[in-house]
Amino acid sequence: MPLIVALFRKSRVLLLSALAANVFSAALGVLLVALINNAVASPDLQFQGGVPLFVGLVLVLFASGVWSQNLLNRLGAHIVRELRCMMVRRVLATPLATVEALGSHRIYTLLTSDIGNLSWAFGMVPVIAMNAMIAVLGFAYLGWLSPLFLVATLALLVFGIGGTQLLLQRMRGLFEENRRRYDRLFRHFGSVVYGGKELRLNRGRAQYFYNQQFQGTVDRLFETGMKADLFGIVSNNWNNLILFAVLATVLFAAPLVEGAGREVVIGYILTLIYLRGPLNSLVGALPAFSRGRIALRQFEDLDLPPLREAADASPPVAAGNWQQLRLEGLRFSYPDQGDDYTFAVGPIDMTFKRGEIVFIIGGNGSGKSTFAKLVTGLYPAAAGSIHLDDVPIDADNLDWYRNHFSAVFSDYHLFDQLLDAEGEPPEDARVKRYLEHLCLDHKVHSEAGVLSRTDLSAGQRKRLAYIHTLLEDRSLILFDEWAADQDPVFRELFYRELLPKLRDAGKTLLVISHDDRYFGLADRLFKFENGVPRQLPIESITSAPLARM
Ligand SMILES: Nc1ncnc2c1ncn2[C@@H]1O[C@H](COP(=O)(O)OP(=O)(O)OP(=O)(O)O)[C@@H](O)[C@H]1O
C-alpha cells in the first residue's frame with residue numbers, strides 16, 4: 001500500500017485531471033443518449049434544441065474524448081516513468097547481500113513485467129471511474145424511466161456479478177501461478193544472454209536447456225495464460241448474456257407492466273445497449289487489477305527499503321587525513337539458502353595503516369572476496385565493529401565510510417563513464433595519459449570522460465577499471481585479483497610500479513592476490529583460512545627470488 005500512496009501522491013494532478021476529464025466525457029455521453037431517446041420517443045421525432053445543439057454536443061463529446069484519452073495515456077506513461085525511477089532508486093538503496101540473495105532474475109522481472117502490470121492497473125483507474133460514472137448516470141436514468149424495471153435489472157446484475165466473481169477468482173489464481181513462472185523465465189533469459197558461449201559450444205546442453213527448461217517454462221506460461229484468458233473471455237460473454245437477459249425481461253414483461261409504454265421500453269433498451277460498452281469495460285478492467293495486485297505484492301514481498309531523501313543529497317566528504325582503519329571481531333555469514341550450508345567469515349581482527357600495501361591471500365573459497373565486501377561496508381557485519389581512527393562505523397555514517405574506498409572487485413562492472421574525485425567527468429588529456437601508460441591508447445579514447453569502447457580483452461578491461469580507481473582518487477583502494485588476467489609485463493607494472501606509487505601518494509592498498517612471486521612486495525600480509533585471517537611474517541612465505549628486487 002505505501003507504494004500506491006507514493007504513486008498517487010506523485011501523479012495526483014494527472015490522475016485527478018484524467019478522472020475529471022473522463023467523468024465529464026461520460027456525463028456528456030449519457031446526456032446525448034437521453035436527448036436522442038427523447039427525440040425518438042417524441043411523436044414528431046424532434047431533437048430538442050435542433051441541429052446546432054446536436055452538432056455542438058457531438059463536437060464537445062469528440063473533444064472531451066480526445067482530451068480524456070490523452071490524459072489517460074499520459075497518466076500511464078507517467079506512472080511507468082515514476083515506478084521505474086522509484087524502483088531503481090530503491091534497488092540501489094537495498095543492501096548488496098539482499099540483492100544478491102534475491103537474484104538478478106527477480107530484479108529484472110520486477111523492473112519489467114511487474115512495473116508494466118502495476119502501471120497498467122493504475123492507468124485503469126480513470127477508465128473505471130469513467131465507466132462507473134456512465135453506469136451510475138445510466139442507471140439513474142433507467143430508474144427515472146421505470147423504477148420497477150430498474151429493480152429487476154439490478155437483481156439480474158447482482159446475480160451476474162456473482163458469476164463474474166467466481167470466474168475472476170479462478171483467473172486470479174492462474175495469474176499468480178504464472179507470476180512465479182516469470183521469475184524462472186527471466187532466469188532463462190539470463191542463461192540465453194550470459195551463457196551464450198557455453199550453449200553454442202555444447203549442443204547437448206543447448207538442446208536440454210531449450211527443450212527441457214526454457215520450452216517447459218514457456219509452455220506452462222502459455223497453457224496457464226490461455227486458461228486464465230479463457231476465464232476472462234467467459235466472464236465478458238457471461239456479462240453480455242446477463243445484459244440480454246435484462247433486455248429480454250424488459251421487452252417481454254413490458255406488456256404486463258402497467259405504465260410501461262413504448263417510450264419507456266425504447267428508452268430502456270437504447271440506454272442498456274449504450275451501457276453495454278461501459279459495463280464490459282468495467283468487467284474487462286478487472287484482470288488488469290488482478291495482475292496489478294499480484295505485481296504490487298511482489299514489490300511489497302521484496303521488502304525493499306523505502307527511499308530516503310538523503311539519497312539525493314550530495315555524497316559525504318571523506319576524511320582527508322585518517323591514519324588507521326580498525327576491524328574488531330567482525331563477522332558475516334551468507335543467508336541460509338535452505339541447504340544447511342552457509343559460509344561465514346570472522347572473527348576478523350585487523351588494523352590497516354595509512355599508506356601501506358596489505359596483501360590478502362588464501363586458497364579458493366577461503367573468504368577473501370567476502371572479506372572485500374565486508375571491509376568496504378557493502379555487506380553488513382553480523383557482529384564486531386569497524387573504526388576509522390576513533391569514529392565507529394554504523395548505519396548513520398556507513399555511506400560516508402564507503403566513500404573512502406575505490407575497488408576493482410573480482411566481479412566488477414566496467415562503466416563507460418569515467419568520473420573524477422568530485423564526481424565530474426575528468427579532463428580527456430589526463431585520461432589520455434593514463435591510457436598511454438597502460439598501453440590502451442591505441443584501442444580506447446575518451447570524450448568528456450566517456451570511454452569510446454569497453455568491449456576489450458579481460459586484461460584490458462581490468463586496466464580500464466584501474467583507471468577508474470585512479471581518477472576516483474580515494475584513500476583506500478581494494479584490488480581483488482586485479483592482476484590475474486594480466487600478461488607478465490602488466491603484472492610487473494602493477495606490483496612493482498603502480499602499487500608502490502599509490503602507496504607513496506598516501507593510499508592504503510588492500511590487494512587480494514594469488515601471485516605468490518610478488519608477496520614479498522607487501523608491507524604486511526594476511527592469509528585467510530576458512531573465513532578467518534591470520535597475519536603472516538612476509539619472510540615466512542617469500543622464497544621467490546623476484547620478490548623485493
Ligand atoms: N553470493 C554468495 N551467496 C552465498 N554464499 C556465497 C556467495 N559468494 C560466496 N559464497 C560462499 O563464500 C565462500 C567464500 O567465497 P569467496 O568468494 O569469499 O572466496 P575467495 O577466497 O575469494 O575465493 P577465490 O580465491 O576462489 O576467489 C564460497 O565458498 C561460498 O561458499
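This is a guided tour of one predicted model, going from the whole chain to single residues.

**Before selecting anything**

Residue numbers start at 1 along each chain as its sequence is written. Because the model is predicted, local features need pLDDT of at least 70 and side-chain atom pairs count only at pLDDT 80 or more, whereas totals for chains, interfaces and linings use all residues.

**Stop 1: the two domains**

Colour residues 2-307 as domain 1 and residues 324-541 as domain 2; these bounds come from an automatic or database domain assignment. Taken over C-alpha atoms, the centres of domain 1 and domain 2 are separated by 51 Å. Four residues from domain 1 and five residues from domain 2 make the contact, where two residues are in contact if their C-beta atoms, placed from the backbone, lie within 7 Å. On the side of domain 1 that touches domain 2 there are four nonpolar, no polar and no charged residues. Here Ala, Val, Leu, Ile, Met, Phe, Trp, Tyr, Cys and Pro count as nonpolar, Asp, Glu, Lys and Arg as charged, and the others, Gly among them, as polar.

**Stop 2: the annotated spans**

Next select residues 12-35, 47-67, 120-142, 148-168, 241-260 and 266-289, which an unreviewed UniProt entry gives as "transmembrane region". UniProt positions are in the numbering used here, feature names are shortened, and annotations may be inferred rather than shown by experiment. Residues 12-35 are 100% helix and 0% strand, with end C-alpha atoms 34 Å apart. Residues 120-142 are also 100% helix and 0% strand, and their end C-alpha atoms lie 32 Å apart. Helices (H or I, at least four residues) and strands (E, at least two) are DSSP runs, numbered from the N terminus.

**Stop 3: H4 against H5**

Select helix H4 (residues 104-145) and helix H5 (residues 147-194), whose axes are 12 Å apart and meet at an angle of about 170°. Axes are lines fitted to C-alpha atoms, for helices over the stretch in contact, and angles run from 0 to 180 degrees between N-to-C directions. H4 and H5 are therefore roughly antiparallel; angles under 35 degrees count as roughly parallel, over 145 as roughly antiparallel, 65 to 115 as roughly perpendicular and the rest as oblique. To see the contact, show residues including Ser104, Tyr108, Phe139 and Leu142 of H4, and Phe149, Leu150, Tyr182 and Phe186 of H5. By class, the contact of H4 with H5 holds eight nonpolar, seven polar and three charged residues.

**Stop 4: the four-stranded sheet**

Move to the open sheet of four strands, ordered E2-E1-E4-E5 with antiparallel pairing. Two strands pair if DSSP finds at least two bridges between them. Strand E2 (344-353) and strand E5 (391-392) are at the edges, each with a single partner strand, so one side of each has no neighbour in the sheet.

- E1 and E2 run antiparallel and are joined by seven bridges; Gln324 stands opposite Lys353 in E2.
- Strand E1 (residues 324-333) pairs with strand E4 (residues 383-388) in the antiparallel sense over five bridges. In E4, Ala383 is opposite Arg331, Ser385 is opposite Glu328, and His387 is opposite Arg326.
- E4 and E5 pair in the antiparallel sense over two bridges, and His387 also stands opposite Pro392 in E5.

Two backbone details belong here. In the hairpin of E4 and E5, with two residues between the strands, Asp389 has a positive phi near 55°. A cis peptide bond, with omega about 0°, joins Gly346 and Pro347; Pro347 lies in strand E2.

**Stop 5: the six-stranded sheet**

Now show the open sheet of six strands in the order E6-E9-E10-E3-E11-E12, where the pairing is mixed. Strand E6 (405-408) and strand E12 (532-536) stand at the edges with a single partner strand each, so one side of each is left without a neighbour in the sheet. On average, neighbouring strands of this sheet are turned by 20° against each other, direction ignored. Strand E3 (residues 357-362) and strand E11 (residues 524-529) pair in the parallel sense over five bridges, and Lys527 in E11 is the bridge partner of Ile361.

Helix H12 (residues 458-472) lies across E6 and E9, at about 175° to E6.

**Stop 6: Cys439**

Finish in the loop between helix H11 (428-437) and strand E7 (446-447), where Cys439 is placed. Cys439 has phi near 55°, a positive value in a residue other than glycine.
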